[in-house]
Amino acid sequence: MQGQRVLVTGGAGFIGSNLANHLAEENEVIAIDDGYLGTEDNLTEAVEFHERSVLEDDLPTDVDVVFHLAALSSYAMHEENPTKGVRVNVEGFVNTVEQAREDGCDTVVYATTSSIYGSRTEPSPEDMHVEAHTGYEASKLARERYAEYFAHHYDMNMAGMRFFSVYQGYGGAEEHKGEFANIIAQFADDIANGESPKIYGDGSQTRDFTYISDIVSGLELAGEDELTGIYNLGTGESYDFNTVVEYINEELGTDVEPVYVENPIPDDVYVHDTMADVSKFSDATGWRPEIGFQEGVRRVCSQYL
């Protein structure tokens with residue numbers, strides 16, 4: 001993408017800042033963030049930053065493309081305040097897209113979630129049956145339905161991206177997320193500091209861990225190609241938490257054992273296993289994930305060596 005005027009909501013957060021900084025190399029980029037999980041420190045000087053909420057009027061939506069990443073992005077955040085979760089994730093989405101539409105922007109790429117697939121050890125395709133078991137999942141499904149409305153009623157390009165377990169490590173823009181950071185980042189920091197990482201259950205749960213640069217390239221392609229529909233962004237491979245600890249120890253030259261604790265998240269809502277089927281997005285754009293699991297862990301650990 002080159003020479004475009006772009007808005008990134010949630011632009012000071014983990015994924016948003018990585019995307020904004022990358023796009024700002026060859027585009028005019030505006031980032032807005034309310035500071036809940038984002039910090040301006042994540043952004044380069046090339047990005048025009050405004051501390052704004054997606055619930056406000058008069059947003060800077062006079063752009064060519066909107067990347068809508070602003071959200072309350074976890075189960076815990078929604079359980080703490082379900083009404084706020086709906087307002088930010090659903091009303092904030094509709095508010096931003098409607099303002100963009102009125103300003104003449106017809107291309108929106110937005111974040112949804114892979115957790116709606118539930119626990120699966122097989123690759124999850126976009127057309128499989130999905131259900132909402134949490135308020136977070138319900139809010140993201142609502143986004144997808146409103147995106148259908150904007151696509152059908154106003155002929156907008158609306159690409160919903162279902163992310164799979166995105167990580168970068170505390171050496172990047174993930175550190176400010178703290179307890180909400182990906183477990184690779186949390187485990188690496190614990191082990192590097194000689195502390196035992198806490199694993200829920202027995203560590204057999206698996207995730208399709210996707211490195212941030214692959215997410216950024218996928219988002220850029222979705223906007224560049226003006227896609228409409230739902231697309232997975234993952235690797236098509238999964239690793240269990242015990243293997244994560246093993247690989248981190250190998251990379252750091254340490255031998256720190258994890259501590260296994262009871263899972264505080266109810267079994268009926270905890271997603272035990274995930275794996276992406278990325279063939280739809282690959283066929284549409286030619287995108288392929290470039291950073292394998294071991295290389296990603298190496299990059300996360302490199303700041304400690």
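Phe67 touches Met1, Val6, Leu7, Val8, Thr9, Leu19, Leu23, Val109, Leu219, Glu220 and Gly223, leaving aside residues up to four places away in sequence; contact means heavy atoms within 4.5 Å. This is a predicted model, in which local features need pLDDT of at least 70 and side-chain atom pairs count only at pLDDT 80 or more, while totals for chains, interfaces and linings use all residues. Residues are numbered from 1 along each chain as its sequence is written, and side-chain values use heavy atoms, without hydrogens and water.

Phe67 is also among the residues with the most contacts inside the largest nonpolar core, which has 64 residues; the others named are Ile15, Met161, Phe163, Leu219, Ile248 and Phe281. A second, separate core of 20 residues includes Ala70, Val97, Tyr110 and Met158. Such a core is a set of buried Ala, Val, Leu, Ile, Met, Phe, Trp, Tyr and Cys residues joined through side-chain atoms within 4.5 Å, buried being under 20% relative accessible area with a 1.4 Å probe, protein chains only.

Ile248 lies in helix H7 and meets H9 residues as part of a contact that also includes Thr243 and Tyr247 of H7 and Phe293 and Val297 of H9. Ile248 of H7 also takes part in the contact with H5, alongside Phe187 and Ile191 of H5. Helices are DSSP runs (H or I, at least four residues) numbered from the N terminus. Axes are lines fitted to C-alpha atoms over the stretch in contact, and angles run from 0 to 180 degrees between N-to-C directions.

| Pair | Axes | Angle |
|---|---|---|
| H7 (residues 241-252) and H9 (residues 293-301) | 10 Å apart | about 55 degrees |
| H5 (residues 183-192) and H7 | within 10 Å | roughly 45 degrees |

Terms used. Helices (H or I, at least four residues) and strands (E, at least two) are DSSP runs, numbered from the N terminus. Buried means under 20% relative accessible area, exposed over 50%, partly exposed in between (1.4 Å probe, protein chains only).
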